[in-house]
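Student: I would like to go through this model and ask what stands behind each label.
Tutor: Go ahead, and each label will be checked against its cut-off.

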Amino acid sequence: MEFADLHIHALYGVDDGAKTEAEMQQMLDASYADGVRTICLTPHFHPGCFGDNYEKINLAYSKIQAYTKQQYPELRLFLGNELRYSKGCISWLKDGLCRTLNHTRYVLVDFSERESGKAIVAGVEYLLNAGYIPILAHVERYGKLGFRAIQELRGNGVLIQIDIQSLFGGFGWLIERRAKAILARHLADLVASDAHDLASRPPGLSNGYRLLSKNFGESYADAICRSNALRILYSNTSEENANGSNGL
């Protein structure tokens, strides 16, 4: 089984992810060894939190591209950002400072875990109204956003992403329980590593895929671990690289 990871902080020196070029390469090595064959690198974007990291991202991405070409020529790399929602963020997207995923209309967006459900819904709807398709990152960690609200957001075209680590208690048992409840309701469209390092938040999707396949079926596991991500990344091209059920 080949996986697609749509949310990972492997680019070095640009946010709270990989700190060195060597660590960036090791994270890529770990992802590849785990069966990941498509990666969309998604460094955080918010000028107030991470400064002006646009050119740093371009430099790190060029270096990981060169490493990948040499070591793993069949591994497909893409670039995006994880947008920390803020008023005025539409201008960052329109000006190209914050990247959508592979130049598509899809935007990976996150919020403070302390944010109210009402504010999250309003922010996501703001992106929708501006013509973007939000992918709500690690939704299981927004404790104030109820299942009904998640379902309604999906009905409006928002995609829902869950972190693999949440399924194994990486953020506590409450978040683990919430993540599994979201999956049991088939409200998730994607799972991703959201990896930041090799120790506390490492890359890898295979353990999660096995758990998902066992508990929720192979078709759903394949969709949220692979084919949905491919459909998103290739949505602005005529190239068709995803097969099977996608749910999108």
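**Labels and their grounds**

Tutor: Asp194 sits in the loop between β9 and α8. The model is a predicted one, and that applies to each value below.

Student: Why is Asp194 called buried?
Tutor: Its relative accessible area is 2%. Buried means under 20%, so Asp194 qualifies.

Student: What makes the phi of Asp194 worth a remark?
Tutor: Most residues other than glycine have a negative phi. Asp194 is not a glycine, and its phi is positive, near 50°.

Student: Is His103 buried or exposed, and how do you know?
Tutor: The relative accessible area of His103 is 70%. Exposed means over 50%, so His103 is exposed.

Student: How do you know that Glu113 and Arg141 form a salt bridge?
Tutor: Side chains of opposite charge can pair when their charged atoms come close. The N to O distance between the side chains of Glu113 and Arg141 is 2.9 Å. The limit is 4 Å, so the pair counts as a salt bridge.

Student: Where in the chain are the two partners?
Tutor: Glu113 belongs to the loop between β6 (106–110) and α5 (117–129), and Arg141 to the loop between β7 (133–136) and α6 (147–155). The two are 28 residues apart, and their pairing links distant parts of the chain.

Student: What other salt bridges does Arg141 make, with Asp163 and Asp194 in mind?
Tutor: The side chains of Arg141 and Asp163 meet at 2.9 Å, N to O. Asp163 is in strand β8 (residues 159–163), 22 residues from Arg141.

Student: Which residues are linked in the network of salt bridges?
Tutor: They are Glu113, Arg141, Asp163, Asp194 and Arg201. The whole structure has 9 salt bridges.

Student: What is Arg201 in contact with?
Tutor: One of its contacts is Gln165, which also touches Gly170, Phe171, Ser200 and Pro202, sequence neighbours within four places left aside. Gln165 lies in the loop between β8 and α7. Its relative accessible area is 18%, under the 20% limit, so Gln165 is buried.

Student: What makes the meeting of Asp189 and Arg154 a polar contact?
Tutor: Their side chains are 2.7 Å apart, and the limit for a polar contact is 3.5 Å. Asp189 is in the loop between α7 (173–184) and β9 (190–192). With a relative accessible area of 2%, Asp189 is buried.

Student: Which side chain makes a polar contact with that of Tyr72?
Tutor: The side chain of Asp29 does, at 2.7 Å, again within 3.5 Å. Tyr72 lies in the loop between α3 and β4 (76–79), and its relative accessible area of 14% makes it buried. Tyr32 is among its contacts; the C-alpha atoms of Tyr72 and Tyr32 are separated by 8.1 Å, and the residues are 40 apart along the chain.

Student: Why is helix α9 called largely enclosed?
Tutor: Of its 16 residues, 13 are buried, so the rest of the structure largely encloses α9. The helix covers residues 218–233 and bends by about 50° at Ile224.

Student: How many residues does the largest nonpolar core have?
Tutor: It has 63, and Leu11, Leu41 and Leu83 are among those with the most contacts inside it. Helix α3 (residues 54–71) gives the largest share, 5 residues. A second, separate core has 17 residues, including Leu101 and Tyr234.

Technical notes. Residues are numbered from 1 along each chain as its sequence is written. This is a predicted model: local features need pLDDT of at least 70, side-chain atom pairs count only at pLDDT 80 or more; totals for chains, interfaces and linings use all residues. Side-chain values use heavy atoms; hydrogens and water are left out. A nonpolar core is a set of buried Ala, Val, Leu, Ile, Met, Phe, Trp, Tyr and Cys residues joined through side-chain atoms within 4.5 Å. Buried means under 20% relative accessible area, exposed over 50%, partly exposed in between (1.4 Å probe, protein chains only). Helices (H or I, at least four residues) and strands (E, at least two) are DSSP runs, numbered from the N terminus. A polar contact is a pair of N or O atoms within 3.5 Å; within protein, one must be able to donate a hydrogen and the other to accept it, and residues adjacent in sequence count only if both atoms are side-chain atoms. The expected span of a helix is 1.5 Å times one less than its number of residues. The bend at a residue is the angle between axes fitted to the seven residues ending there and the seven starting there. Contact means heavy atoms within 4.5 Å.
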